[in-house]
Amino acid sequence: MQAARPVQPEPLAPAHGYVHDAVDLTTCDREPVHVPGAVQPHGVLLAVDRAEHRVVVASANAAGFFGRPPRGILGAALPELLGEEVAARVRGADTAADLDEALHARLDLPTGPVDADVALHVSGDRLLVEVEPLSPDAAPVSYRATRAAIARLAGSSGIDGLCGRLAHEVRALTGFDRVMVYRFDAQWNGEVVAEDRRDDLNAFLGLHYPASDIPAQARRLYTVNWTRLIADVDYVPAPLEPPVDPGTGAPWTCRTPCCAASPRSTSST
C-alpha cells in the first residue's frame, strides 16, 4: 500500500471521535479495538447497503474529499460519488464476490482527477468501500521489481533472515519510515524480530513486550488482517457518521487498512 497525502476532515462534520470510552494501561485488555468508530484520514471509508449501493455510513472526511456538504454523502448512490464507471466495477466485484484485489481507478472530483485505490470488504450486511488516494510522487511497482523482490525473499537464509529481508522489501515498496515484524511466543508475549527504519529513528529491534501489551481482542484482528499500518502517528481520526449501523444499532466493525488504530498504539509506534 502506498503512502498518500492526508485527506483532511470536512470542517462542518460533527467532531465526536471513538464510540467507546478512553483507555489506559489498566483497561487496555477490554478496549474494543475492532470497533474504533473512526478511520485514519489518509483514506475515506463508505459503507453501502448491498442491494442499492447507497451510502449508510461515511467517514467525516468524505464530505471534503468528494466536495459535498456532509448531508450530501449519506444516502448518496455510489455513481454520484465515484462515477458511473467505477461504481459499475464495484457492483461487478461485489456481485462476483471478487474482493481480494483493490480496484485502481481515476476519480473525477470537483477538485480535479484523483488516482486512487478502491478496496472492498464485507462487514455484516454492508459493503465497505475504502478509497485511498495515491501519492503523485509514488512510483508504480513494476513486474520486474516485484519478481526481483520475490527472488530476494526466496534466497533468504532461515526465519530471521527472511523476516529481515521482508521488512526491508516492504519498506522499499511502501516508503514508510519504519517497518517491523512482530513475533508471539506460546504465552503471547511479543518480540520485534526484524526492523527496517529511517536512520534517525530509535531502534525497536529486539525489544520484548508482555502479552498484555497486545491483548486477546487485538491479536484476533491479526488473524483477519496480517498487516497493520499507521500512515501518520500524529493523525487525527476521522469519525464514522453515524457511529452505529442505522439498521441494527450495532457499532461498526472495522477491519480495513485505513481503520483507526488504538490511541495507545499510535502513541508508542
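Two strands are said to pair if DSSP finds at least two bridges between them. Strands (E, at least two residues) and helices (H or I, at least four) are DSSP runs, numbered from the N terminus. In strand 5, Val118 is the bridge partner of Leu103.

The structure is a predicted model, in which local features need pLDDT of at least 70 and side-chain atom pairs count only at pLDDT 80 or more, while totals for chains, interfaces and linings use all residues. Residues are numbered from 1 along each chain as its sequence is written, and side-chain values use heavy atoms, with hydrogens and water left out.

**Sheet**

The chain contains seven helices and ten strands. Seven strands form an open sheet in the order 1-10-3-2-6-5-4, with antiparallel pairing. Strand 1 (38-39) and strand 4 are the edge strands, each pairing on one side only. Two of the strand pairs are compared below.

| Strand pair | Sense and bridges | Bridge partners |
|---|---|---|
| Strand 4 and strand 5 | antiparallel, seven bridges | Leu103 and Val118 |
| Strand 2 and strand 3 | antiparallel, three bridges | Ala47 and Val57 |

A hairpin of two residues joins strand 4 to strand 5. In a regular strand the side chains alternate between the two faces of the sheet. Helix 3 lies across strand 4, strand 5 and strand 6, and runs at about 150° to strand 4; axes are lines fitted to C-alpha atoms, for helices over the stretch in contact, and angles run from 0 to 180 degrees between N-to-C directions.

**Core**

A nonpolar core is a set of buried Ala, Val, Leu, Ile, Met, Phe, Trp, Tyr and Cys residues joined through side-chain atoms within 4.5 Å. The largest such core has 30 residues, of which Leu46, Phe66 and Val129 touch the most other members. Elements giving two or more residues to this core include helix 3 (84-95), strand 4 (103-109) and strand 5 (112-123). Leaving aside residues up to four places away in sequence, Leu46 touches Phe66 and Val129, among others; contact means heavy atoms within 4.5 Å.

**Strand 10 and the whole chain**

Glu241 belongs to strand 10 (residues 238-241) and is buried, with a relative accessible area of 14%. Glu241 and Ala58 are 183 residues apart in sequence, yet 5.4 Å apart in space, C-alpha to C-alpha. Of the 269 residues in the chain, 41% are buried.

Terms used. Buried means under 20% relative accessible area, exposed over 50%, partly exposed in between (1.4 Å probe, protein chains only).
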